[in-house]
Amino acid sequence: MDEKREDGRSATQLRPLSCTRSVLNRAHGSASFSQGETKILAAVYGPRAGTKKNENPEKACIEVIWKPKSGQIGKAEKEYEMILKRTLQNICLLNVHPNTTTSIIIQVVNDDGSLLPCAINAACSALVDAGFPLKYLAVAISCCLSKHEYCIMDPNKLEEEKMKALVYLVFRNSILSVLDEGSKQEGESIENGIITSVTHGVMTVNDYFQCLEQGRAAIKPLSNFLRKKLQSKVQSDVSIAG
Amino acid sequence: MSTTNGSNDLSSEMEVDAFRRLFPLRFYERHLLESIRPDGRPLGRARDTTIALGAVASANGSALAKIGCTTMLAAVKLEVMTPKLESPDEGCIAIDFHMPPICSPLVRPGRPAEAAPVITKQLTDIILSSGMIDLKELSLVSGKAAWLAYLDIYCLDADGSLFDAALLSAVAAFSHLQIPVVSLNDNGRIVLISEENSGAMWEKEPVNKEKRKLKLDTLPFSLTCALHKNYILADPSAEEESIMETYLTVVLDSSLQLVSLNKPGGPGLAQTSAIQDCVALTIKRVKELQKILNEAISDMEVD
């Protein structure tokens with residue numbers, strides 16, 4: 001199998017990323033995130049008073065609504081909603097606003113592979129835009145395994161369909177520290193944990209761990225991109241009334 | 001059961017049950033320090049598992065699987081359909097997972113459980129991608145008729161590890177499945193040959209000679225582990241799942257290849273070492289489940 005992919009990228013190269021904040025002016029926070037041709041629009045409304053039934057009122061509640069580009073809402077959308085909700089529960093500080101509900105609406109604008117990671121990145125950017133208290137950012141990446149046992153990062157739809165297995169990984173963003181190298185030990189172990197992992201297709205256990213290592217390495221450029229884009233811009237626009 | 005009220009504050013005066021309800025996390029952590037769980041299991045052990053095949057007599061294949069108190073009833077019904085144009089030699093499997101209100105106080109009649117469509121989708125992905133069933137075996141007449149297998153799984157008692165029990169019952173139901181004898185009648189349609197008039201049917205050539213079982217390549221088995229700080233609890237019950245909200249499900253097939261590793265977020269992070277430990281626990285569990293399933297199948301055949 002040739003090393004070069006169809007669009008000329010190397011195995012670990014990501015597609016061109018773009019992130020625009022505050023695209024919707026009625027939402028409390030919104031972001032449009034695109035990786036190559038895959039584009040997702042995320043909007044955040046909240047925190048609003050009251051939690052849903054069966055949810056813990058001592059914590060903030062997060063609700064995710066996933067709208068596909070076309071077609072009815074089915075089981076796949078429900079699964080994405082569940083994964084996204086639990087991933088965001090990991091990164092949000094839920095004790096700051098107890099007994100509130102925050103709704104995150106994901107609208108798929110275009111699907112060209114790596115849909116779930118793009119949605120997680122978009123949701124994260126929208127939460128930052130809304131000013132929701134977060135512990136750290138979630139950075140998501142997808143990698144797939146070819147029949148010849150090598151993995152490529154950020155596949156597009158054609159590549160996803162040809163590959164034998166697919167892994168979606170979400171890590172916390174890499175730490176940019178001003179401290180010297182010696183005290184990095186503690187940071188290293190925290191950085192290693194994965195927030196979410198979803199796999200499709202059969203692979204060996206070693207292949208999975210190899211994907212994990214490659215994913216961890218690919219997170220750095222993505223983290224830096226997000227850090228640059230999500231730095232607080234000058235508040236020249238009028239604050240949005242809750 | 002000894003009441004170990006070791007804490008020094010007001011909770012030392014309390015009964016065990018009250019302490020369990022009011023401070024569930026501390027109750028569990030007190031047990032985890034001793035590497036044991038309130039029901040007496042060590043951390044890496046799953047609950048007692050039983051499988052009963054043929055639980056639904058009217059279905060072509062069925063199984064009742066119990067892991068601890070979690071009970072799942074799976075049944076497979078076969079129906080003839082025209083295969084798709086792109087794959088004229090292949091049948092089809094439709095999987096549905098139901099959580100009726102009987103299974104848990106959190107499921108109410110008007111409000112379907114959130115977990116149900118998610119588990120349905122995960123089961124469909126895993127059963128189709130693991131290669132357990134070769135869809136070509138479900139074909140009858142190429143291009144004209146093939147079997148559509150409806151797999152319905154009902155949760156009768158939801159006490160944690162729903163996905164594990166559902167997958168186990170699905171695999172057991174497919175192991176028990178017997179494809180009935182059919183023949184092509186004059187109108188070109190497939191009819192079922194019933195037992196009584198099988199003698200009279202010989203002039204109409206049966207499409208398949210005798211009831212046969214599906215040849216299953218590799219069976220997928222799974223284990224869910226709850227992660228809490230440095231502890232890994234295998235096969236959490238519903239109480240444990242609600243307290244330690246982070247869990248990880250590993251699905252391996254008989255040749256120990258990874259079919260799925262699912263960690264859907266949750267408050268805790270999973271380190272690589274924790275994932276490796278979970279995979280090791282799953283490998284042990286796969287061997288246990290293989291044995292239990294083989295025993296259940298051989299019990300059926302003896303009857």
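Biologist: Which residues of chain B are linked in a network of salt bridges?
Modeller: This is a predicted model, so side-chain pairs count only at pLDDT 80 or more. Side chains of opposite charge can pair when their charged atoms come close. In chain B, such pairs join up into a network of salt bridges. Its members are R37(B), D39(B), R41(B), R47(B), D159(B), D235(B) and E240(B).

Biologist: How many residues apart are R41(B) and E240(B)?
Modeller: R41(B) forms a salt bridge with E240(B), and their closest N and O atoms are 3.9 Å apart. R41(B) sits in the loop between α2 (24-33) and β1 (49-53) of chain B. E240(B) belongs to helix α5 (residues 238-243) of chain B. The pair links distant parts of the chain, and the separation is 199 residues.

Biologist: Is E240(B) buried or exposed?
Modeller: Buried means under 20% relative accessible area. R41(B) has 6%, so R41(B) counts as buried. E240(B) has 1%, so its class is buried.

Biologist: Which residue of chain A meets D154(A) in a salt bridge?
Modeller: D154(A) lies in the loop between β7 (151-153) and α3 (157-162) of chain A. The partner lies in the segment before β1 (17-21) of chain A, so the pair ties together parts that are 139 residues apart in sequence. The salt bridge has an N to O distance of 3.2 Å, and the partner is R15(A).

Biologist: How many salt bridges are there over all chains?
Modeller: The pair D154(A) and R15(A) is a salt bridge within chain A. The count between chain B and chain A is one. Over all chains the count comes to 22.

Biologist: Which residue of chain A meets K121(B) in a salt bridge?
Modeller: K121(B) lies in helix α3 (residues 115-129) of chain B. K121(B) is buried, with a relative accessible area of 18%. Its side chain meets one from chain A at 2.9 Å, N to O. That residue is E79(A).

Biologist: What is the N to O distance in the salt bridge of K121(B) and D125(B)?
Modeller: Both residues lie in helix α3 of chain B. They are four residues apart, about one turn of the helix. D125(B) is partly exposed, at 25% relative accessible area. The N to O distance is 3.1 Å.

Biologist: What area do chain B and chain A bury between them?
Modeller: The size of an interface is often given as the accessible area lost when the parts come together. Here 37 residues of chain B are in contact with 34 residues of chain A. Of the buried area, 55% is on carbon and sulfur atoms. The total is about 2900 Å².

Biologist: Which residues of chain B lose the most area to chain A?
Modeller: Three residues stand out on that side. Together they make up 20% of what that side buries. They are K121(B), L258(B) and L269(B).

Biologist: How many residues does the largest nonpolar core have?
Modeller: In soluble globular proteins, nonpolar side chains tend to be buried together. In the largest core, the residues with the most contacts are I106(A), Y208(A), M99(B), L151(B) and I275(B). Y208(A) touches residues of both chains, including V167(A), L169(A), L258(B) and I275(B). This core has 145 residues.

Biologist: Which strand order does the open sheet of four strands in chain B have?
Modeller: Strands of a sheet pair through backbone hydrogen bonds, either parallel or antiparallel. In this sheet the pairing is antiparallel. β12 (231-234) and β14 (258-262) each have a single partner strand, so they stand at the edges. The order is β12-β11-β13-β14.

Biologist: Which residue in β13(B) is the bridge partner of A226(B)?
Modeller: Strand β11 (residues 221-228) and strand β13 (residues 247-252) of chain B pair in the antiparallel sense over six bridges. A226(B) takes part in one of the bridges to β13(B). The partner there is Y247(B).

Notes:
Residues are numbered from 1 along each chain as its sequence is written. Chains are lettered from A and ligands numbered from 1 in the order in which they are written. This is a predicted model: local features need pLDDT of at least 70, side-chain atom pairs count only at pLDDT 80 or more; totals for chains, interfaces and linings use all residues. Side-chain values use heavy atoms; hydrogens and water are left out. Two strands pair if DSSP finds at least two bridges between them. Helices (H or I, at least four residues) and strands (E, at least two) are DSSP runs, numbered from the N terminus. A nonpolar core is a set of buried Ala, Val, Leu, Ile, Met, Phe, Trp, Tyr and Cys residues joined through side-chain atoms within 4.5 Å. Buried means under 20% relative accessible area, exposed over 50%, partly exposed in between (1.4 Å probe, protein chains only). Contact means heavy atoms within 4.5 Å. Buried area is the accessible area (1.4 Å probe) that two parts lose on being put together, summed over both. A salt bridge is a side-chain nitrogen of Lys or Arg within 4 Å of a carboxyl oxygen of Asp or Glu. Lists of a residue's contacts leave out its neighbours within four places in sequence.
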